[in-house]
Amino acid sequence: MGIAHKFGDDINTDYIIASKRKRDTVNPQKLARFLMEDICPGLGEMVQPGDFLVAGENFGCGSAMEIAALVVLGAGIKAVLAKSFARTFFRNALNLGLLLLTCDTDRINPGDHLEVAFEGGMIRNLSQKTQIPFQRLPDLLKKIIRSGGIVPFLESPEGKAVLSSKADSLSIPGAGG
C-alpha cells in the first residue's frame, strides 16, 4: 500500500529529475530527494517507499536518459500509474524493473491510498473503496519486472533459457554452426 502523488499530462524527464541535479551525481538514492522538485518542491523528501506516482498522458516524455526512471526507483516508488507513457521512458523503466501501469487515472486523487492487485489486473483505491483496471502486461514483461529488470532476468535460469531458445531459432548465414 502507498500514497498517490498525482501530476498532469506530459511529465517530462527533466521534471522527474532536473538536468542541473545530474551534474553533481548520478547516484539515484542521492538524487531521489530532488524528485519532481521543479513542479512539486519537497516531494522527494516526502515520498515513502511503496508510494505511487500518478499522471495523465505521455508520462516520461523528453530525454531518453534512463536516469529519470532510476531516480523514481531510488525514491522507493512502487509503480507509476498513467494514461500513457513515452516509449523511451517505458523501455528504460522496464529495463530497470520499474513497474509502469497504464490505466484511467482520473478517479485517483492526490493522497489516496492505493495498492496493486498485480495478478488481478486492478488498482485498489482504498481511500475511495473503488477498483481501477489496468492494462495487463505480457507474461515476459511481468517476469522482467519481478526479476528487478532486464539484466537480472537474463542472468536468471529462466532468462538464460529464453535467450538459448531464441538463439537456437535464429539462422544467420555465415555464422557457422
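Here is a walk through this structure, from its sheet to its core and its cavities. What you see is a predicted model, where local features need pLDDT of at least 70, side-chain atom pairs count only at pLDDT 80 or more, and totals for chains, interfaces and linings use all residues. Residues are numbered from 1 along each chain as its sequence is written, and side-chain values use heavy atoms, with hydrogens and water left out.

Let's start with the sheet. Strands of a sheet pair through backbone hydrogen bonds, either parallel or antiparallel. Here, seven strands form an open sheet with mixed pairing, in the order S4-S3-S2-S1-S5-S6-S7. Strands (E, at least two residues) and helices (H or I, at least four) are DSSP runs, numbered from the N terminus, and two strands count as paired if DSSP finds at least two bridges between them. At the edges sit S4 and strand S7 (130-133), each pairing on one side only. From one strand to the next, the twist averages 30°, with axes fitted as lines to C-alpha atoms and angles running from 0 to 180 degrees between N-to-C directions. Valine 116 stands opposite isoleucine 123 of S6.

Now for the core. A nonpolar core is a set of buried Ala, Val, Leu, Ile, Met, Phe, Trp, Tyr and Cys residues joined through side-chain atoms within 4.5 Å, where buried means under 20% relative accessible area with a 1.4 Å probe, protein chains only. The largest one has 31 residues, and those touching the most other members are Ile16, Leu35, Met36, Leu53, Phe59, Val80 and Phe89. Helix H4 (67-74), strand S3 (79-82) and H5 each supply at least two residues of this core. H4 gives the most, with five.

Finally, the gaps. A cavity is a set of points on a 1 Å grid over the protein atoms alone where a 1.4 Å probe fits but cannot get out, and lining residues have an atom within 4 Å of a point. Points are joined across faces, edges and corners, and a volume is the space filled by probe spheres set on them. There are two cavities of 30 Å³ or more. The largest has a volume of about 50 Å³, and its lining is Phe90, Leu94, Leu98, Leu99, Leu100, Leu137 and Ile145. Helix H5 (87-96) and strand S4 (99-102) are the elements giving two or more residues to that lining.

How values were computed
1 Å grid on protein atoms, 1.4 Å probe; cavity = no way out; pocket = protein on both sides within 12 Å on 5 of 7 lines; lining within 4 Å. Buried < 20%, exposed > 50% of the residue type's maximum accessible area, 1.4 Å probe, protein only.
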